[in-house]
Amino acid sequence: MKTLVLLALGAFVTTLDNTIVAAGAPSIGRDLGLDLVALQWIALGYMLPFAGLLPAGGALVDRWGPRRTLTAALLAFGLGAAAGGLAGSLWLLVAARVLQGVAAAFLVPGLLSLLRTNLDARGRTLGAAVWTACLAAALALGPALGGLLSEYLGWAWIFFVNLPFVAAMLVLLPTAPGRAGGATRAPPLTAMALVTASLVLLTAALAEPRFALPLLAAGAVLGGVFAVRERRARNRLVPAALTANRVFTGSLGLQLLWGLGISGVFFFTPLLHQEFLGLGPVGAGLPLVLVAVAVVTATPLVAPAVARHGPLRTVVAGLTTVGAGLLALAAVNGIPAIWPRVPGLVLIGAGSAFTVPMTSHALDVVAERYSGTASGLLTAARELSSALGVALIGAVLTAVRAARLEGGAAPAAALAGGYTAGLLTAAGLTFAGALLAVRVSKARSAETSSPRDKRAVP
């Protein structure tokens, strides 16, 4: 039970920091005199190190063990939260966010490794359901909570609100029985540096269009060097047992496509609600609470669905439902009212609950000694999709909005048109994920972990 509580708190707080800043950004900008480009880096200061360091973080969790890693990560995460709330300049605030991102890159795989090592098969399904439900709840509640805190207590509380979560997890952690680290070889530091730099450069390229080409080129080169090194190295960062596993690699793709579709839409939804519907910061984020309610309501139905239909068929149904919800939102987006949007938001939440097995099944098919690495890679795919989704949906929204403004549309209507285009793009990505899940379901059962992989490291 305590492991499930740790998972719930960790999933919620690390995801909350992806979304809570959005609603408070205008207040931060006014107090610190920042423009939109600067405000973007407050969000990316967390996302980039989080995504870039996750593969390394997962490997180091396997070496150090979850308990020591989680203790250090929680202390660093709390320090970054406190520093962010006290920051009086952009660079101090970004530095605090970077510290939180680095800590989260070790916190998340450490927690997910407990999912694999501390729970049986039934417990892992329940734990993955709790994890995904808390992810979706944080994604949905973040904008509303950020608006509420910044409007009534001040934007500093967007960061201070992390501290109770950290304190509770530190209290629970000593009772968590997590194993003590299983890797015997030193982690490949060169590979870690290459993959981290590559992921950070590729993500930053989308955030800085002025420097996109050199950043993309540099990221691609470093990624290529990493791939060549991995193929030749005896001590690999990503074990061959993972890269050769079609179910696991397919699950990585599913995480990426789901996040690309959902994260970008959620990032821009409060903006649309303020500019097109005329709502305030709190009211603009509140409709997303419906997504969280739908996730929580649908979560008890996930385990029976997996038992009856299997994990991947359940994921197909979930992704298809999410896509249908995005299309439902697009169909009514021209109506300047909240209530027509409710069915689409409910479908998105309910469908997201049924994507849970793409995490639990991926962890089930890998050997226990690779659980930290596998967890880090799965979460890296999700975090990268968050940053890439914001950039991709933002690019679509901006291009369509600009075209409509040139055609003489009013600013609010032009924004709504761009948002509709973003919804359609997100729906297409989500349906692509459903098709990928169909293909993954056809992977041979023999391509899961071999008996040799399941032996402990001597």
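Me: How many aromatic pairs does the count come to by this rule?

Reply: Four aromatic pairs, where rings of Phe, Tyr and Trp (its six-membered ring) pair if their centres lie within 6.5 Å. Bear in mind that this is a predicted model, where local features need pLDDT of at least 70, side-chain atom pairs count only at pLDDT 80 or more, and totals for chains, interfaces and linings use all residues. Residues are numbered from 1 along each chain as its sequence is written, and side-chain values use heavy atoms, with hydrogens and water left out.

Me: What makes the pair of Phe12 and Phe165 stacked?

Reply: The planes of Phe12 and Phe165 are 25° apart, with 5.6 Å centre to centre. Planes under 30 degrees apart count as stacked, over 60 as edge-to-face and the rest as tilted, so 25° makes this pair stacked.

Me: Why does this pair tie together parts that are apart in sequence?

Reply: Because Phe12 lies in helix H1 (residues 2-32) and Phe165 in helix H7 (residues 162-172), the pair joins parts 153 residues apart in sequence. Helices here are DSSP runs (H or I, at least four residues), numbered from the N terminus.

Me: How do you know whether Phe12 is buried or exposed?

Reply: Buried means under 20% relative accessible area, exposed over 50%, and partly exposed in between (1.4 Å probe, protein chains only). Phe12 has 15% relative accessibility, so Phe12 counts as buried. Phe165, at 19%, counts as buried by that rule too.

Me: And why is the pair of Tyr46 and Phe50 called edge-to-face?

Reply: Their planes stand at 65°, with 5.4 Å centre to centre, and 65° is over the 60 degrees required, so the pair is edge-to-face. Tyr46 and Phe50 are four residues apart in helix H2 (residues 36-64), so about one helical turn separates them. Tyr46 is buried at 0% relative accessibility, and Phe50 is buried at 0% as well.

Me: What puts the buried residues of H13 on the same side?

Reply: In helix H13 (residues 289-298), Val291, Ala292, Ala294, Val295 and Ala298 are buried. They cover an arc of only 160° around the axis, so they lie on the same side of H13; the arc is that of the directions from the helix axis to the C-beta atoms. On the other side of H13, Val296 and Thr297 are exposed.

Me: Why is H11 called roughly antiparallel to H19?

Reply: The axes of H11 (residues 246-275) and H19 (residues 411-440) cross at roughly 165° and come within 9 Å. Angles over 145 degrees count as roughly antiparallel, so H11 is roughly antiparallel to H19.

Terms used: Axes are lines fitted to C-alpha atoms, for helices over the stretch in contact, and angles run from 0 to 180 degrees between N-to-C directions. Helices (H or I, at least four residues) and strands (E, at least two) are DSSP runs, numbered from the N terminus. Angles under 35 degrees count as roughly parallel, over 145 as roughly antiparallel, 65 to 115 as roughly perpendicular and the rest as oblique.
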